[in-house]
Amino acid sequence: TVSTEPQLKTYFNDSGFSFKYPESFILSEKEATDESVYALVELTNPKNKDVISIKLEDSDLTEIDDWFTTSNKKGIKGEIKKVKLADLDGRQFTDQESQLTTLAIDKGCVLVSISGNPLSVHQQIVSSFIFTQEVQTTTDNSDTTDNSGGEDVIFEGEETIE
């Protein structure tokens, strides 16, 4: 049995995010000239040259809906849909060039934008997009024990217990 499902690769970025994409696409990390841009990644379909770009950049916005008012986006076709991007509330729309765009704002005022086609790959990236940065502090009180014994626990590989 040969699967017709496209094989997926997982991309990890040092800025603290990852996503899955079809292995048939060519991924390139672009150098951003603007210092406010943390990451700029492009996926290109070698067959038809479709491009999807993923950009993380500084933003003064605190709510994603503010993007539509401050940017005064007149080039939006159709409705603006509410979507989830990782654990963030995002918005998705199509522009006048029929490019699909997904936007979300992280708590740290980082604007995440994913734009381009084809639709299936765009949605694959959106649905698999996660933040991977290690969280240093826990906010829940489930860990009530004091582990300040002074020893660092290091896990190297798998431990097999027989």
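Modeller: The chain has two helices and 10 strands. This is a predicted model, and the values below are computed from it.

Colleague: In what order do the elements run from the N terminus on?

Modeller: The order is β-β-β-β-β-α-β-β-β-β-α-β.

Colleague: What share of the chain is buried?

Modeller: Buried residues account for 33% of the 162 residues. As for contacts along the chain, take those between residues at least 6 apart in sequence: 40% of them join residues at least 24 apart.

Colleague: On to charges. How many salt bridges does the count come to?

Modeller: The count comes to four salt bridges. One of them pairs the side chains of K30 and E42, at 3.8 Å from N to O.

Colleague: Which residue does D89 pair with?

Modeller: D89 forms a salt bridge with K84, 2.7 Å from N to O.

Colleague: Changing topic: how much space lies in the largest pocket?

Modeller: About 280 Å³. The lining is made up of 12 residues, and those nearest the centre of the pocket are S15, G16, D106, F131 and Q133.

Colleague: How does that lining divide into nonpolar, polar and charged?

Modeller: Five residues of the lining are nonpolar, four are polar and three are charged.

Colleague: Now the backbone. Which peptide bond is cis?

Modeller: The bond from N117 to P118 is cis, with omega near 15 degrees. P118 is located in the loop between β9 (110-116) and α2 (119-128).

Colleague: What about phi of A86?

Modeller: Phi of A86 is positive, near 55 degrees, and A86 is not a glycine. The residue lies in the loop between β6 (76-85) and β7 (88-95). A86 is partly exposed, at 30% relative accessibility.

Colleague: And S98, where is that found?

Modeller: S98 is in the loop between β7 and β8 (100-106). Its phi is positive too, about 65 degrees, in a residue that is not a glycine. With a relative accessibility of 36%, S98 counts as partly exposed.

Colleague: Let me pick some single residues. Is N45 buried or partly exposed?

Modeller: N45 counts as buried, with 13% relative accessibility. Its place is in the loop between β4 and β5 (51-58).

Colleague: What does the side chain of N45 make a polar contact with?

Modeller: The partner is the side chain of N48, at 3.4 Å. Once neighbours within four places in sequence are set aside, N45 is in contact with F25 and D50.

Colleague: Next, Q92. Where is that found?

Modeller: Q92 is in strand β7. It is buried, with a relative accessible area of 5%. Between the side chains of Q92 and T102 there is a polar contact of 2.7 Å.

Colleague: Leaving aside neighbours within four places in sequence, which residues is Q92 in contact with?

Modeller: The list includes E79, I80, K81 and V83, as well as L100, T101 and T102. H122, Q123 and V126 are among the contacts of Q92 too.

Colleague: Last one, I76. Where is its place?

Modeller: I76 is part of strand β6. Not counting residues up to four places away in sequence, I76 touches F68, F93, T94 and D95.

Colleague: How far apart are I76 and T101?

Modeller: In sequence, 25 residues separate I76 and T101; in space, the C-alpha to C-alpha distance is 9.8 Å.

Key: Residues are numbered from 1 along each chain as its sequence is written. This is a predicted model: local features need pLDDT of at least 70, side-chain atom pairs count only at pLDDT 80 or more; totals for chains, interfaces and linings use all residues. Side-chain values use heavy atoms; hydrogens and water are left out. On a 1 Å grid over the protein atoms alone, a cavity is a set of points where a 1.4 Å probe fits but cannot get out, and a pocket is an open set with protein on both sides within 12 Å along at least five of seven lines; lining residues have an atom within 4 Å of a point. Grid points are joined across faces, edges and corners, and a volume is the space filled by probe spheres set on the points. Ala, Val, Leu, Ile, Met, Phe, Trp, Tyr, Cys and Pro count as nonpolar, Asp, Glu, Lys and Arg as charged, and the others, Gly among them, as polar. Helices (H or I, at least four residues) and strands (E, at least two) are DSSP runs, numbered from the N terminus. Buried means under 20% relative accessible area, exposed over 50%, partly exposed in between (1.4 Å probe, protein chains only). A polar contact is a pair of N or O atoms within 3.5 Å; within protein, one must be able to donate a hydrogen and the other to accept it, and residues adjacent in sequence count only if both atoms are side-chain atoms. Contact means heavy atoms within 4.5 Å.
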